[in-house]
Amino acid sequence: MKFILQARKYAQILGCNLSTKVAILASGTGTNAEAVLEYAEAHPEFYQVVGVISNKRDAAVLAKAEKYSMPAIHIPHRDQSEQIQQLEAWSAQWACLAGYMRIVTSDFLRFFFDEERGYARVINIHPSLLPRFPGLDAYGQAFASGESESGITVHLVDEKMDHGPILLQKSFPRNEDDDLEAFMARGRAIENSLYVEALVGLLKGEIQPRAQGKTVARKN
Ligand code: GRF
């Protein structure tokens, strides 16, 4: 904690924007949520996490958030207005969906809408090279397709599932002798750092959203 306060003080002196407040919404294990939390702890000059909401009462992500002394709250997805009230109470400016298994409402997107940027400040990570394989079980879909390459996408969130403009993509191969587990492990090894890279790049203005289908995937 002492380290964080000191880092904030120095960053303020250097004129960095410390006020960027990020909330996380997740439904499951929370490895991506943890990556976002970990980065904030190490680099408070870029953003701070204000809290974690899970729509699942027993999601492991809630315990992970507590490890970082974060407010971690269960609010069911049917109570999205309650979620918005909580986000407002935290003064959240950005939302990171990190394995949040629900579509957000237009009210939610309106709450995060940024006039200047022209989009809602809500991002998501999806385990395929969108627009290929949106929706549930993307690893399974991509594996079953037999395509020799898949990847991970971080994108802006809009009203449709896994549909918004792309921020970053990274591809990985499907090897001939892969089973689903090996294939997924290759993707999971990419996800956490790619999510943080996209968030920080977006906050720093180094990444511009691009319509789906117009992005060239990076190989490494
Ligand atoms: C990840 O595969 C992510 O890409 C997808 O849901 C999964 C969440 O995993 N949207 P975790 O809870 O972050 O470990």
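Reply: Happy to; here are a few terms, each set against its definition. This is a predicted model, where local features need pLDDT of at least 70, side-chain atom pairs count only at pLDDT 80 or more, and totals for chains, interfaces and linings use all residues. Residues are numbered from 1 along each chain as its sequence is written.

Me: Why is Leu 87 called buried?

Reply: A residue is buried if 20 or more other C-beta atoms, placed from the backbone, lie within 10 Å of its own; 12 or fewer makes it exposed, and anything in between partly exposed. Leu 87 has 23 C-beta neighbours inside 10 Å, so it counts as buried. Leu 87 sits in helix α4, residues 80-89. In the protein, buried residues make up 37% of the 220 residues.

Me: What makes a residue a contact of Leu 87?

Reply: Two residues are in contact if their C-beta atoms, placed from the backbone, lie within 7 Å. Not counting residues up to four places away in sequence, Leu 87 touches Ala 23, Ala 92, Ala 95 and Phe 111.

Me: What makes α2 a helix, and what span does it reach?

Reply: Helices are DSSP runs of H or I with at least four residues, strands are runs of E with at least two, and both are numbered from the N terminus. α2 has 12 residues. The expected span is 1.5 Å times one less than the number of residues. For α2 that is 16 Å, and the helix reaches 16 Å from its first C-alpha to its last. Among its buried residues are Asn 32, Val 36 and Tyr 39, and their cover includes β1, β2 and α7.

Me: How do you know which residues come nearest the ligand?

Reply: A residue is near a molecule or strand if its C-beta atom, placed from the backbone, lies within 6 Å of it. Of the 13 residues around the ligand, Gly 28, Thr 29, Thr 31, Asn 32 and Gly 99 come nearest. The largest share of this shell, three residues, comes from α2.

Me: What makes a nonpolar core, and which residues touch the most other members of the largest one?

Reply: A nonpolar core is a set of buried Ala, Val, Leu, Ile, Met, Phe, Trp, Tyr and Cys residues joined through C-beta atoms within 7 Å. The largest has 53 residues, and those touching the most other members include Val 22, Ile 24, Val 36 and Val 52.
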